[in-house]
Amino acid sequence: MMEQKEKPSDEFDNSPIEQVRLTVPITDDPTLPVLTFRTWLLGPITCVFLAIFKQIMTYRQNQIFIPDSCFTILILPVGKLLAATLPTKPIRIPIVNWTFSMNPGPFNIKEHFVLTILSRSGLNYPLGIVIVVIIKAFYHKNISFWASFLLIQTSQMVGYGFAGLFTKFLVDSPYMWWPAYLPDVSLYRTLHDKVDVRRKGQLRGLQFFIIVSVSSFAYHIIPNYFFPSITALSFVCWIWKDSITAQQIGSGLHGFGIGSFSLDWNTISGFLGSPMVIPMFAILNSMVGFILITYIIVPIAYWTNSYSAKRFTLFSSDLFDANGQSYDVSRILNEDLSLNEQAYNNYSIIYLSIFFVFSTGFTLASETATITHFVLYHARESWNVCKKAWKGRNQFNDVHSRLMKKSYEPIPQWWFYIIIVPMIALALLNSTYFGKEFQLPYWGVLLGYMLPFIFILPVGVINGTTGQGSLDMLGLSQLLFGSIYPGYPLANLAFKFYSTCTLTAALDIIPEFKLGQYMKIPPKSLFIAQIVGSFISYSTSLCTAWWLLSTMDNMCDKKKLPEGSPWTCPIVHVLFSRSMIWGGVGPSRMFAPHGLYSKIYYFFLIGVVATGMVWILSRMFPEKKWIRLTNVPLIFSSAAFMVPTAPVHYWSWFTVGIIFNLVVYRKYKGWWAKYNYDLSNGLAIGSAFLALVTSVSVNIKDVYGLEWWGLLMDDHCPLATCPTSPGIKVDGCPVIH
């Protein structure tokens, strides 16, 4: 929690935040080189590799989660190897008479940090690529590569420009300390400043990390090739093979997941992140949201047949018609992918699975809860910080600001404007010249940029002071634009990406600025590395997605893919469905005022009221720790993420989190402190590289494993997807009479 009172002068001379004083050194060596030959040699190569890897892994049924710290660790030995082998003799460039050295000295901590920032840009997933995948894989239309390129670059780069305009408030202020990023400072100091002493009978951290990585790589050939079914084990379905209700209760992928679990690290961490590095209170808040939607709200709604829920599968992100069949969107869209109202009225309204209905509702609730949380918990202190920032940079004069001002030139503001103005101009040109491909008019582009500009400060303050912030505007942006411009699914998607990607890009780069201040990195050098890394990453990501769509038959089509194929694109399926809900059909037909799901708008109010009630209780009973640790936005956002995340992901994630962050942490705290993060990183790296190897070797040739019962990457609960309403006929399901 951010400290309200200023510390005595000697403490404020350091930092007013105790955690920063304990973690960040107050010394600097401005002579250390940053943008070296090693940076430019290794950075772009690793950035390209990671961008390709991220794209390939994004469309698999199980997401691959790799923490940034993995690459921080992996880059270190490579950097030291280059420092030991590259020639040190200066090289002179003729004509301009410049000289540089391929090896300016030891691989230092600042060079390591900037190289990691450039490299891990490849892990940033530009959401704008999703619209390319949806157009080509779901709507089966061609699209211009250069129109896609401009959409992706302009949505991300404007976010970087906006970020620069808010550094005065979110970076320069010592009260904006970005607690979630302090472990990065500690990691770099550990790798460069401290000696990892190995006691007798113990392993060094790096040795342990390597052993775990190799073991994880070897083990994960089982769920990736020999026995994919262990990604989700649902024993209830194996016992009651002929009962729809039993399989709905037991299925971890298509039902309530009672008794389901996984033996695949990618199932455990792919959607929710590693549970070994998430605080216990955050895991508990997430589980409250999961239990609320999965075991209270949805069962009541399903078995009372709310929204005709029994006509459709219990858990799905697909769209359905009135007969319980998959919705054929081609029947209601014109050639230009705009809505044909007469065809829509003659066919059927769109129905959703009951899980998808409430997942959508909690998405709206989480966004209003985040805004309310900011107003109630942080508005006053944020206003004080903003007033100080508005008076001038000199108001913030802690030691880190002074060291930066003393040794390094700040980034000129015109650098940010020179990004914002041309990129907005290119976005407007794209909407005009390629307007028919995305359906987005020029005013939609401008409105899409205006929303994140408004929300960067409040969401940034939450992140910068608490380390928690869940507002991504997915629901708000789609609802807003769908109400203004209904009947155009691609326009709704494009608008969402301009607003969401811009906000996300800004909130990705701002904490890196703060880390740069903590690490005493020249701001201009850091910004150059960020921009270059992002440009390389987004360009490579688009080319990789384009290649996958061109070479892989039926990618994302679950009905046409071969048995065992992992290329089911679960997240893209959700976004495609929402493009039809909010854009193609529009909120006025789906929701208000007379739509089937009109009550979904109550979730806006629920987000506000629930957050307000918890705030009131925390004021009435300040001694109750559990009330102070209750985070309503986190509870609602975990419930909102139930589609595409399934119960087996949550139960496996929760179990591992309890074991390591509660049991091991309390009983074996020394082991936990030394090896917990290394274990998490090693499991992630090993499983990720095995998935990459199989993806680009056997999977690309439509070979997914041995032909047997365990090949299916499913939990063998076929009846869990069946409707239970009488008379509904679905292939592979019994008809209820």
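Colleague: Are C237 and C717 buried or exposed?

Modeller: Buried, both C237 and C717.

Colleague: Before we go on, how confident is the prediction?

Modeller: The average pLDDT of the protein is 84, and 93% of the residues score at least 70. Over residues 1–12, though, the pLDDT is below 50. That stretch has 21 contacts in the model beyond near neighbours in sequence.

Colleague: OK, back to cysteines. How many disulfides are there?

Modeller: Searching the whole structure turns up three disulfides. One of them joins C556 to C569, with an S to S distance of 2.0 Å. The link of C556 and C569 is left-handed, with -70° about the S-S bond. Both C556 and C569 lie in the loop between helix 24 (523–551) and helix 25 (570–585), so the pair ties together parts that are 13 residues apart in sequence.

Colleague: Why do you call C556 buried?

Modeller: Because its relative accessible area is 2%, and the cut-off for buried is under 20%. C569 is buried too, with 0%.

Colleague: And what about C722 and C733?

Modeller: C722 and C733 form a disulfide with sulfur atoms 2.1 Å apart. The torsion about the S-S bond is about -85°, so this disulfide is left-handed. Both cysteines lie in the segment after helix 31, so the pair ties together parts that are 11 residues apart in sequence. C722 and C733 are both buried.

Colleague: If you number the bonded cysteines in sequence order, what is the pairing?

Modeller: The pairing is 1-4, 2-3, 5-6. C47 is in no disulfide, and the nearest cysteine sulfur, that of C543, is 13 Å away. C501 is in no disulfide either; for C501 the nearest cysteine sulfur is that of C47, 17 Å away.

Colleague: Are C47 and C501 buried or exposed?

Modeller: C47 counts as buried at 0% relative accessibility, and C501 counts as buried at 2%.

Colleague: New topic. Which residues have the most contacts inside the largest nonpolar core?

Modeller: Y59 and M580, in a core of 195 residues. Helix 23 (residues 489–519) gives the most to this core, with 18 residues. Apart from it lies another core of nine residues, among them L42, I75, L76 and L115.

Colleague: What does Y59 touch?

Modeller: Leaving out residues up to four places away in sequence, Y59 touches a set including Y125, I129, V133, W567 and C569.

Colleague: Last one: what about helix 4?

Modeller: Helix 4 (residues 68–85) has 18 residues, and at 1.5 Å a residue they should span 26 Å. The end C-alpha atoms are 26 Å apart, which agrees. Its buried residues include I75 and L76, along with F71, I73, G79 and L82.

Terms used: Residues numbered from 1 in each chain as written. Predicted model: local features only at pLDDT ≥ 70, side-chain atom pairs only at ≥ 80, totals over all residues. Heavy atoms only, no water. pLDDT = per-residue confidence, 0-100. Contact = heavy atoms within 4.5 Å. Helix = DSSP H or I, 4+ residues; strand = E, 2+ residues; numbered from the N terminus. Expected span 1.5 Å × (residues − 1). Buried < 20%, exposed > 50% of the residue type's maximum accessible area, 1.4 Å probe, protein only. Core = buried A, V, L, I, M, F, W, Y, C linked by side-chain atoms within 4.5 Å. Disulfide = S-S within 2.5 Å.
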